[in-house]
Amino acid sequence: PTYLCAMRQLLRNPAGIASLILLLQILLLILRPGLAGNWLSPLLVWVPVLYALYFTLRWKAWKTDIALRNLGSTRLLQWGAFGLILLISALVFRSYDSTNAMKSDVIPTVRILGERLLGGQPVYVTITEFGYILPPTYLPMHWLPFVPVLHLPVDLRIWALLLFFLLSTPALYWLASRQSGRNASLLTLLAPALLVALYLLGQRDDAGYSVEWLYAAYYLLLVYGLMKENAWICALALVCILLSRFSLVLWLPVLPVWFWMKKGWKPVAIAAGIVITGIVLIYILPFLSRFPESFGNAQAYYTQGALMEWDGQAWQKPDDHPYQISRGLGMAWWFYRLYPGELAERIYALKLVHAGGAILLGLLFVFFQLRQTFSQVPAGVFLLGSLHAYLWYFYSFIQVPYPYLFIVPLMVSIAWVALLYAWQAKTETPGNQNR
C-alpha cells in the first residue's frame with residue numbers, strides 16, 4: 001500500500017524519523033496522554049530520540065551548503081495565523097480564571113512578584129496571600145517580562161503567547177528560508193501557531209493556566225544563535241533561560257567547547273562575560289544578595305511540592321494512584337511503582353537518575369566534540385541535536401510531569417525537524433547513507 005511505502009521511506013532518513021517521533025510525541029503528550037499506558041508511553045517519548053540522534057550523527061548525506069529562498073507573502077500568512085490563534089486563545093481563556101490560586105498559583109505568583117517590584121517591596125519574601133505558605137520559586141526572567149503589562153488590561157497568557165510568537169520568529173525565518181519547498185517553509189513558520197492550537201485542543205485546562213510559552217521562546221532564541229553561530233545571541237538567550245527554567249545547565253559545557261574549537265577563546269570569553277554579567281545584574285545584586293536563602297528555599301519547596309503530588313490529590317480516593325504522575329507523561333511513574341521505600345526515597349532516587357543521566361549526556365556530547373567523532377555532521381545539526389536529546393531526557397525524568405512543561409522540548413523538536421529537512425541531501429539510496 002502507498003502509505004506503507006511512504007512510511008518505509010520516512011524511516012530511511014533522519015528527517016523522516018524525526019518527523020515520526022515528533023508526531024508520536026504530540027499524540028502521547030497532547031492529544032492522547034498515556035495512550036500506550038503509564039509504563040510504555042514515557043519510554044516512547046524520549047528513548048526514540050536518543051536512537052534517532054545516533055542514526056543522524058552517522059548519516060553521510062548532508063548538503064555542503066543551504067540555498068536561501070525568498071519567503072515573500074508567506075510571512076503575511078504566518079502573522080495572520082498568529083493573530084487568529086491569539087483571538088481564539090483569548091476566547092478560550094475566558095473560561096479559565098487565571099487569578100484563582102486554588103486552581104493554579106502560576107499566574108497569581110507572577111503577578112505578586114511583579115507587583116512587589118513595582119511597589120518597591122521585597123520581592124523574594126514568602127508568599128502568604130494564597131492562604132498557604134509559598135516560598136517564591138520563580139527566577140527573575142520567569143516573571144519580569146510580565147511587569148510592563150501588569151497595570152494594563154492585558155491577559156498575561158495572551159502576552160506570553162505574543163512574546164512567544166515574536167521571540168521565536170528569527171529562528172523560524174532562518175529555518176523556513178532554507179527549506180526547499182514553499183509548503184515546508186509555510187509549515188515551519190506556522191509551527192508555533194499549530195502547537196498552541198494543539199494545546200488548546202488536547203490540553204486546554206493546562207494551557208488555560210500557563211504562561212510556559214514565554215520560556216519556549218527563550219529556547220527558540222537560543223536555536224537562532226546556534227544556527228547563526230553567534231556567541232552574542234546565544235549568550236543573551238542563555239541569560240533568559242538560566243534565569244527562568246535552568247533545565248539546560250548540564251548541557252551547557254557543549255556550547256563553549258564548540259565555540260572554542262571553531263572560533264577560539266574570544267567568543268567564549270565574550271559570551272561568558274555576557275552571561276555572568278546578566279545573572280549578576282538581573283538576579284544576584286537586586287534579589288539574591290538581599291535574600292540569599294531564597295534560592296535554597298525554592299529548591300526545597302519543589303521537593304516538598306513533588307512529595308505532595310506523589311501523595312495524590314485531595315479529591316482522589318485513598319487507593320487511587322497519584323493523578324499527576326499516573327497520566328503517562330513521565331518516568332516518575334516508574335520510580336513510584338518500582339522503587340522500594342517511602343515516597344521521599346523514591347523521589348530522591350528519581351532525582352539521582354535525573355541528574356546523573358543528564359550529566360552523562362552532557363559529558364558524552366563534549367567527548368564527541370573533543371574527539372571530532374562526527375566531524376562530517378553540520379555544526380548546527382550536532383548542536384541542536386544534542387540539545388534536543390538532552391531536553392527530552394531531562395523533561396522525561398522531571399519530578400512532576402505537568403503537561404504544559406513539555407511545550408519547551410516540543411518546540412525544540414519542531415526546530416530540529418525543520419533543520420534536518422533543510423540540511424539533508426536527497427539521495428537515490430538513502431538506506432545506505434548511514435553506513
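Biologist: How does E129 count at 52% relative accessibility, buried or exposed?

Modeller: A word on the basis: this is a predicted model, where local features need pLDDT of at least 70, side-chain atom pairs count only at pLDDT 80 or more, and totals for chains, interfaces and linings use all residues. Residues are numbered from 1 along each chain as its sequence is written, and side-chain values use heavy atoms, leaving out hydrogens and water. Buried means under 20% relative accessible area, exposed over 50%, and partly exposed in between (1.4 Å probe, protein chains only). At 52%, E129 counts as exposed.

Biologist: Which side chain meets E129 in a salt bridge?

Modeller: A salt bridge needs a side-chain nitrogen of Lys or Arg within 4 Å of a carboxyl oxygen of Asp or Glu. Here the N to O distance is 3.9 Å. The partner of E129 is R116.

Biologist: Where does R116 lie?

Modeller: The pair links distant parts of the chain, 13 residues apart. Helices (H or I, at least four residues) are DSSP runs, numbered from the N terminus. E129 sits in the loop between helix 5 and helix 6 (140–143), while R116 is in helix 5 (residues 106–118).

Biologist: And R245 with E212: how many residues apart in sequence are the parts that this pair ties together?

Modeller: The side chains of R245 and E212 meet in a salt bridge of 2.7 Å, N to O. R245 lies in the loop between helix 11 and helix 12 (254–263), and E212 in the loop between helix 9 (204–207) and helix 10, so the parts tied together are apart in sequence by 33 residues.

Biologist: Which residue forms a salt bridge with K262?

Modeller: K262 is in helix 12, and its partner is in the loop between helix 10 and helix 11. The side chains meet at 3.0 Å, N to O. That partner, partly exposed with a relative accessible area of 22%, is E229.

Biologist: What is the phi of E229 near?

Modeller: E229 is a residue other than glycine, yet its phi is positive. The value is near 55°.

Biologist: How do helix 8 and helix 18 run, roughly parallel or roughly antiparallel to each other?

Modeller: Helix 8 (residues 182–202) and helix 18 (residues 407–423) pack at an angle of about 150°, with their axes 11 Å apart. Axes are lines fitted to C-alpha atoms over the stretch in contact (heavy atoms within 4.5 Å), and angles run from 0 to 180 degrees between N-to-C directions. Angles under 35 degrees count as roughly parallel, over 145 as roughly antiparallel, 65 to 115 as roughly perpendicular and the rest as oblique. Helix 8 and helix 18 are therefore roughly antiparallel.

How values were computed. Helices (H or I, at least four residues) and strands (E, at least two) are DSSP runs, numbered from the N terminus.
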